[in-house]
Amino acid sequence: MTMENSEMRIVARHMAEAPVNIQAILADLGIEYEEIPLDEASGSITRRGETFTVTVNSLESPNRKRFTAAHELAHYLFHRDLMGDGQKMHRHVDKLFNGSKQSDDGIFNRDHEVQANRIAAQIIMPKPLVEEKFAEIKDLAKLAETFRVSKSAMEIRCKGLGLIP
């Protein structure tokens, strides 16, 4: 598991206000960001030497693109050591969810994907900020709008934080 304290400080600095600016986090970490049409994929993270690129599917909704970028950021923060030594290109693609199992690309397994989803939710919907905004805004749809996430994502996060049953 790879993550430096300086990187976490960069991420934390951006988690102070909603909506969290994922593209600014990526830029501050020196990670390239691109949106292009992808067939059957939500996004990917690619390593070329010491350079990383997060790619998201430009055909998806703005909220989905934000979550995908956060998911790929989580892979960078916690799993990039699995992407080789930087001597050759390594790419991990996150398939669109269709009820089937994520294909194994030899880099990340299901546990890595679950962890990346959990971390993405924590980055995009930080606990202190969600609790603070929930105290002001009890409506889940408005809260989701504030964080630029789907209502279902906000509901899952609020349940996980014990804010709603």
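Helices (H or I, at least four residues) and strands (E, at least two) are DSSP runs, numbered from the N terminus. The views below come from a predicted model, in which local features need pLDDT of at least 70, side-chain atom pairs count only at pLDDT 80 or more, and totals for chains, interfaces and linings use all residues. Residues are numbered from 1 along each chain as its sequence is written, and side-chain values use heavy atoms, with hydrogens and water left out.

**View 1. The whole chain, from end to end.** Welcome to the overview: the protein chain holds seven helices and four strands. Followed along the sequence, they come in the pattern α-α-β-β-β-α-β-α-α-α-α. Of the 165 residues, 46% count as buried, where buried means under 20% relative accessible area, exposed over 50%, and partly exposed in between (1.4 Å probe, protein chains only). Among contacts with a separation of 6 or more, 57% are made by residues 24 or more positions apart; contact means heavy atoms within 4.5 Å.

View 2. The open sheet has the strand order S1-S3-S2-S4, and its pairing is mixed. Two strands pair if DSSP finds at least two bridges between them. At the edges sit strand S1 (32–36) and strand S4 (90–95), each pairing on one side only. On average, neighbouring strands are turned by 15° against each other, direction ignored. Helix H3 (residues 62–79) packs on this sheet and touches S1, S2, S3 and S4, its direction making about 35° with that of S2. For these angles, axes are lines fitted to C-alpha atoms, for helices over the stretch in contact, and angles run from 0 to 180 degrees between N-to-C directions.

**View 3. Strand S2 and its two partners.** Strand S2 (residues 41–48) runs antiparallel to strand S3 (residues 51–57), joined by six bridges. Gly-43 has Val-56 in S3 as its bridge partner, and Ile-45 has Val-54 in S3. In the S2 and S3 hairpin, two residues lie between the strands, and Gly-49 takes a positive phi near 65°. S2 also pairs with S4, again in the antiparallel sense over six bridges; here Arg-47 is partnered by His-90 of S4. Seven of the eight residues of S2 are buried.

**View 4. Ile-45 and its surroundings.** Zoom in on Ile-45, a residue of strand S2. Ile-45 counts as buried because its relative accessibility is 0%. Beyond its neighbours within four places in sequence, Ile-45 is in contact with residues including Phe-52, Glu-72, His-75, Tyr-76, Met-83 and Phe-108. Glu-72 is 27 residues away from Ile-45 in sequence, yet the two are 5.9 Å apart in space, C-alpha to C-alpha.

**View 5. Glu-7 in helix H1.** Glu-7 belongs to helix H1 (residues 5–14). Is this charged residue buried or exposed? Glu-7 counts as buried because its relative accessibility is 7%. Leaving out residues up to four places away in sequence, Glu-7 touches Leu-29, Tyr-76, Leu-77 and Arg-80.

**View 6. The lining of the second largest pocket.** About 430 Å³ of space lies in this pocket. Of its 16 lining residues, Phe-67, Ala-121, Met-125, Ala-153 and Ile-156 are the closest to its centre. H3, helix H4 (110–124) and helix H7 (151–160) each supply at least two residues of the lining.

How values were computed: On a 1 Å grid over the protein atoms alone, a cavity is a set of points where a 1.4 Å probe fits but cannot get out, and a pocket is an open set with protein on both sides within 12 Å along at least five of seven lines; lining residues have an atom within 4 Å of a point. Grid points are joined across faces, edges and corners, and a volume is the space filled by probe spheres set on the points.
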